[in-house]
Amino acid sequence: MLRTGIKGKKEITVTKELTARSMGSGELEVFATPAMIALIEETAWRSVAPELAPGEGTVGTKLDVAHISATPVGLKVTCETEVTLVDRKRIVFQATVFDEAGKIGEGTHERFVVQNDRFLSKANGKLSAV
């Protein structure tokens, strides 16, 4: 059952593939903001997945995130999320991201519960419109 207080946690190590230079979001070899956002989304959806009915999933719809400190290649990065609001199919998460030296990012993330088959059918319907 979806409820406030559900927590998620995921740890990764920054590799060259996760840098701004590799991801095209900048020139430096530090943890990329798009990689941090992907980590937040994955941590959030995985935390609530066990609470969903068969055939349901969640899709990300909104992010308000600050990337406040750079992380070099080789350090571990940990993301922690917590559900702060459940409003029917809307789920809001608070996210905090740390490296081994301290906080590197924080913000909110919103996801919606969807029926996977219906969602994909609607998305794929765009193929016939182009």
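Visitor: Why does Arg90 count as partly exposed?
Guide: The relative accessibility of Arg90 is 26%, and because buried means under 20% relative accessible area, exposed over 50% and partly exposed in between (1.4 Å probe, protein chains only), Arg90 belongs to the middle class. This is a predicted model, in which local features need pLDDT of at least 70 and side-chain atom pairs count only at pLDDT 80 or more, while totals for chains, interfaces and linings use all residues. Residues are numbered from 1 along each chain as its sequence is written, and side-chain values use heavy atoms, with hydrogens and water left out.

Visitor: What makes the pair of Glu110 and Arg90 a salt bridge?
Guide: The closest N and O atoms of Glu110 and Arg90 are 2.7 Å apart, and because a salt bridge needs a side-chain nitrogen of Lys or Arg within 4 Å of a carboxyl oxygen of Asp or Glu, this pair qualifies. The pair links distant parts of the chain, with Glu110 in strand 5 (residues 102-115) and Arg90 in strand 4, 20 residues apart; strands (E, at least two residues) and helices (H or I, at least four) are DSSP runs numbered from the N terminus.

Visitor: Is Glu110 buried or exposed, and how do you know?
Guide: With a relative accessibility of 13%, Glu110 counts as buried.

Visitor: What other salt bridges does the structure have, and how many are found in the whole of it?
Guide: A search of the whole structure finds nine salt bridges, and one of them joins the side chains of Glu51 and Arg3 at 3.8 Å, N to O. Glu51 lies in the loop between helix 2 (33-48) and strand 2 (56-67), whereas Arg3 lies in the segment before strand 1, so this pair ties together parts that are 48 residues apart in sequence. Both partners are partly exposed, Glu51 at 28% and Arg3 at 42%. In another salt bridge the side chains of Lys103 and Glu106 meet at 2.9 Å, N to O, and here too Lys103, at 38%, is partly exposed, as is Glu106, at 32%.

Visitor: What makes strand 1 and strand 2 edge strands?
Guide: The open sheet has five strands in the order 1-3-4-5-2, with antiparallel pairing, and strand 1 and strand 2 each pair on one side only. From one strand to the next the twist averages 25°. Helix 2 packs on this sheet and touches strand 1, strand 2, strand 3, strand 4 and strand 5, its direction making about 140° with that of strand 2; such angles run from 0 to 180 degrees between N-to-C directions of lines fitted to C-alpha atoms, for helices over the stretch in contact.

Visitor: Which residues have the most contacts inside the largest nonpolar core, and why is it called a core?
Guide: A nonpolar core is a set of buried Ala, Val, Leu, Ile, Met, Phe, Trp, Tyr and Cys residues joined through side-chain atoms within 4.5 Å, and the largest such set here has 14 residues, among which Phe31, Leu39, Ile40, Val77 and Val97 have the most contacts. Helix 2 gives the most to this core, with four residues. Leaving aside neighbours within four places in sequence, Leu39 is in contact (heavy atoms within 4.5 Å) with Lys10, Ile12, Phe31, Val77, Cys79 and Val97. A second, separate core of nine residues includes Leu2, Val48, Leu52 and Val83.

Visitor: Why is Gly57 called buried?
Guide: Gly57, which lies in strand 2, has a relative accessible area of 12% and is therefore buried. Not counting residues up to four places away in sequence, Gly57 touches Leu52, Phe112, Val113, Val114 and Asn116.

Terms used:
Two strands pair if DSSP finds at least two bridges between them.
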